[in-house]
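Please examine the sequence and the structure before reading on.

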Amino acid sequence: MSTQATSQRPRMSRRRTQAASRTDKNVVMASHGRAPWYGPDGKNIEAYVIGIAGGSASGKTSVARAILSALNYIPTVLILSQDSFYCAHTPEEVERAFRNELDLDHPDSIDMTLFARCVRDLKQGRATEIPVYSFVHHQRMPEKKYIYGASVIIVEGIMALQSEELRRLYDLKVFVNCDSDLMLARRIIRDTKERGRDVEGILDQYLRFVKSSYDNFVQPSSRYADIIVPGFSNQVAIELLVTHIKGQIDSRSLRFRNVLARMGQEEGDKAKAKSTCPTEEFQDHNLVLLEQTNQLLGIMTILRDEETERGDFIFYTDRLATLVVEKALTLTPFQPTTITTPLGVEYHGMAPTTDPLVGVSILRSGGPFSYGLRRVIRDVQIGAMLIQSDPKTGEPLLLSSDLPQCIKSRQESECVRVLLLDSQMGTGAAAMMAIRVLLDHGIPQPNIILLTFLVARQGLHSLHRVFPQVRIVTAAVDQDLHEAQVPLHSPVMGEAIGEADLAVHLVNEVSSSERTSEYDLVGHLVNELSNSERTSEGEEETTIVESDMNEMNGMNDMDERDGRDEMDDNVLKLEQTEFRIQRSKVMEDLKFSRKHKNERGISPTLKRAWVVSPGMGHIGFVFLDVEV
Ligand SMILES: Nc1ncnc2c1ncn2[C@@H]1O[C@H](COP(=O)(O)OP(=O)(O)O)[C@@H](O)[C@H]1O
Ligand SMILES: O=c1ccn([C@@H]2O[C@H](COP(=O)(O)O)[C@@H](O)[C@H]2O)c(=O)[nH]1
């Protein structure tokens, strides 16, 4: 037995790796962006959690995958497998496991405390790190997997209904009931094919531990289930389950950008009525407004002027970014330090504290800030979040996030300081989403500084109400924020900004040698973001919000048709595909918008959006030199 087990090891490793690359456990499947998962007060709304228990090979994973597939209209669904939470084993225990002498079917073989903590984190919207367990080595691996951003979590495992603590976290408890003979037959087939076992070993383990555990622990836990699903011919049961889950999830759908704008206006009006001068309105708002020197006003005048040429616009945007970054750095902590000069004299100076300081750019148009930040802190790590307005609802959508490792790590995140970069803030909805992401990773509010060229006063009031400890550094506060009909890819700055902003980032991030066409720019971002989130092939596949943006590649076959019909088609396509941004569509729309402005003097496709006024134009369009 022992010899057989040892000789299985290399074979299992290869097979398991291949099998894992097909699985979708422990991966947040995100198909078309994540709508707000928090309310207008900025507080998280809990994810919907389903717990699925049942015997080994009863069909738990298959049921979970069927639910996931039926919920494909919901952007972020995670299957979290209890398999990842087997306890770490001593070398002696590992040897016993290979001899089928270790009981891996007792509830104590699973780290229930850690499991419950991770489920709780995810349910409450926080990022978490889960252990990696290898069935090949019967051992927990040293690395951890980062998971963030699920609105529906399907937890599955033989002991999923075992602990009271876990059961309390589920919104729906399911037990997959299957005949023991059938489960054993399936286990033999699966474990010989996928886990590299031999039949004798499987039967040995089954008779020693698996069967008695099923009878004593697993089966009895079915009494906690809300629904019992058969382990075979279960299509109807799964459909009923899915209908129930959809109803629950729909009742949580959130739309509040308009509420935000209205609240900001009301609070702004109240504050204004009480103030004797314009700056007093924001005096307790953690707002740092750059000193309004003639030099600064001169830069703002150039940037606000519709006659300003593209080259000048880029130059002055760059310059302004540096000024804003310099100002923001005065808010970050320094500590006394002593160095020795070349003359051998001690000099008592200041140095930044050792806490990591990183930039996170909000893509739509935070890109221009990256240059400014890099110029001031040469080796600063800069992450990105891609947030776009959903043209159907106007709500922001988190399409992808690529955060520095220190933010993703639960150990480090509490002392990380973040400079959040965005060119302007209107209603504050996108900034609020980005800040929520940072808070979900454990960054404390006081460690976040939002850097922006321009804010609408209403947005300031909204953001301050929701996240009062976040600081904002800006060059200007504009008085007006109004809802208007704007072209789908609007030339006005505000929350109406569309796919062009993708390209803005690319203008900044992609080196000129990589830039051969606008298509390539968009493709680069798409690949960059989706690749950075994608994990390398491993024994246990992982984590993360993974957008369908890679689907954009190879989708360049859109017709070159003119007129409103084409634009309507595009909008229809967006609706049909639930707002998947398509690589071709991004550039088609830009070209279309250009063409129609030229032909008719107006951009024909309109959508309602919030616009900051007087504003300073659409940085995306100016950077790209897109005529509108
Ligand atoms: N309803 C079903 N009908 C037929 N085969 C099934 C069904 N559900 C699961 N299986 C098969 O049984 C095996 C084990 O299923 P799986 O879902 O991995 O079980 P578990 O997650 O409970 O261990 C797989 O090979 C799967 O294809
Ligand atoms: O190292 C290990 C850990 C667990 N097992 C067996 O796995 C099943 C549970 O997994 P399912 O996917 O639910 O079947 C359990 O019965 C353990 O016996 C293992 O063989 N090796």
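## The shell around ligand 1

Helix H2 contributes three residues to the shell around ligand 1, the largest share; a residue belongs to such a shell if its C-beta atom, placed from the backbone, lies within 6 Å of the molecule. H2 (60–70) and helix H6 (180–193) each supply at least two residues of this shell. Helices here are DSSP runs of H or I with at least four residues, numbered from the N terminus.

Among the 13 residues around ligand 1, the nearest are Gly 59, Lys 60, Thr 61, Ser 62 and Arg 186. The shell holds eight polar, three charged and two nonpolar residues. Ala, Val, Leu, Ile, Met, Phe, Trp, Tyr, Cys and Pro count as nonpolar, Asp, Glu, Lys and Arg as charged, and the others, Gly among them, as polar.

## Basis of the model

The model is predicted: local features need pLDDT of at least 70 and side-chain atom pairs pLDDT 80 or more, while totals for chains, interfaces and linings use all residues. Residues are numbered from 1 along each chain as its sequence is written, and chains are lettered from A and ligands numbered from 1 in the order in which they are written.

## The shell around ligand 2

Residues around ligand 2 include Ser 56, Asp 83, Tyr 86, Phe 135 and His 138. By class, seven residues of this shell are nonpolar, two polar and two charged.
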